[in-house]
Amino acid sequence: MPVFRYGEEETAYLAARDPRMAEVIAAVGHIEREVHPDLFAALVNSIVGQQISTKAQETVWNRMLDAFGTVSPEGIASCSEDELQSVGITYRKAGYIKGAAERVLAGEIDLEELHGLSDDEVCRRLSKLPGIGVWTAEMLMLFSLQRPDIMSYGDLAIQRGLRMVHHHRRITPQLFAKYRRRYSPYGSVASLYLWAVAGGAVPGLRDWAPKEKKG
């Protein structure tokens, strides 16, 4: 499986812009995160994974591959919603997946064309598809299109990583925008390291968010 491509240029830039990020990069080392270059298959996989665990997502996805082979707009459009549900997908998700396939086949969205468009325009077009919100569109831009400057305010783990690295109690939209500008044009690589921090990759860093009071 291919991984997100980055190297010394990106990490050196981030380290120069942010001493605390430099410490994180040194502590974590190079990160290998899988990417899914087939945008339609990645889109379907993202819908499958909504509101279920990663393990459950993998199980359902593998069932889809076993049942239908390659996940393509043509293949999905030829399946009934009952057939999609038979692999463990909810009725609503089956409708989203069928709807996305039909829009692609009807030419309402050209997935190949997206490669040449700006991040904002790609996000706008993807989030018009059934079942795809802004956060999902941003994750598709990072992990399928491999856009270099994706950093999602809607991602709670990225907010947690920022709190841990920079000792903030909360991340406001304005504060997030400051870090996004700081890490641009390599926000995607910064995101990889913030996710790693949020997952506990750097011992000693803690989340500075206020503790909820127990009633």
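The model is predicted, so local features need pLDDT of at least 70 and side-chain atom pairs count only at pLDDT 80 or more, while totals for chains, interfaces and linings use all residues. Residues are numbered from 1 along each chain as its sequence is written, and side-chain values use heavy atoms, with hydrogens and water left out.

The domain assignment, whose bounds come from an automatic or database source, gives domain 1 as 8–33 + 149–199 and domain 2 as 39–144. Their C-alpha centres lie 28 Å apart. Ten residues of domain 1 are in contact with seven residues of domain 2, where contact means heavy atoms within 4.5 Å.

The size of an interface is often given as the accessible area lost when the parts come together. Here the area buried between domain 1 and domain 2 is about 690 Å², with 70% of it given by carbon and sulfur atoms; buried area is the accessible area (1.4 Å probe) that two parts lose on being put together, summed over both. Of the area that domain 1 buries against domain 2, 59% is supplied by Ile150, Ser152 and Trp195, more than by any other three residues.

Two residue pairs, both at pLDDT 80 or more, are in polar contact between domain 1 and domain 2. A polar contact is a pair of N or O atoms within 3.5 Å; within protein, one must be able to donate a hydrogen and the other to accept it, and residues adjacent in sequence count only if both atoms are side-chain atoms.

What about salt bridges in the structure: how many does it hold? The structure holds eight. Because arginine 182 lies in helix H11 (residues 173–183) and aspartate 18 in the loop between helix H1 (8–17) and helix H2 (19–28), the pair ties together parts that are 164 residues apart in sequence. Helices are DSSP runs (H or I, at least four residues), numbered from the N terminus.

Two backbone details complete the picture. The peptide bond from serine 184 to proline 185 is cis, with omega near 10 degrees, and proline 185 is found in the loop between H11 and helix H12 (187–198). Glutamine 51, although not a glycine, has a positive phi of about 65 degrees.

Methods:
A salt bridge is a side-chain nitrogen of Lys or Arg within 4 Å of a carboxyl oxygen of Asp or Glu. Helices (H or I, at least four residues) and strands (E, at least two) are DSSP runs, numbered from the N terminus.
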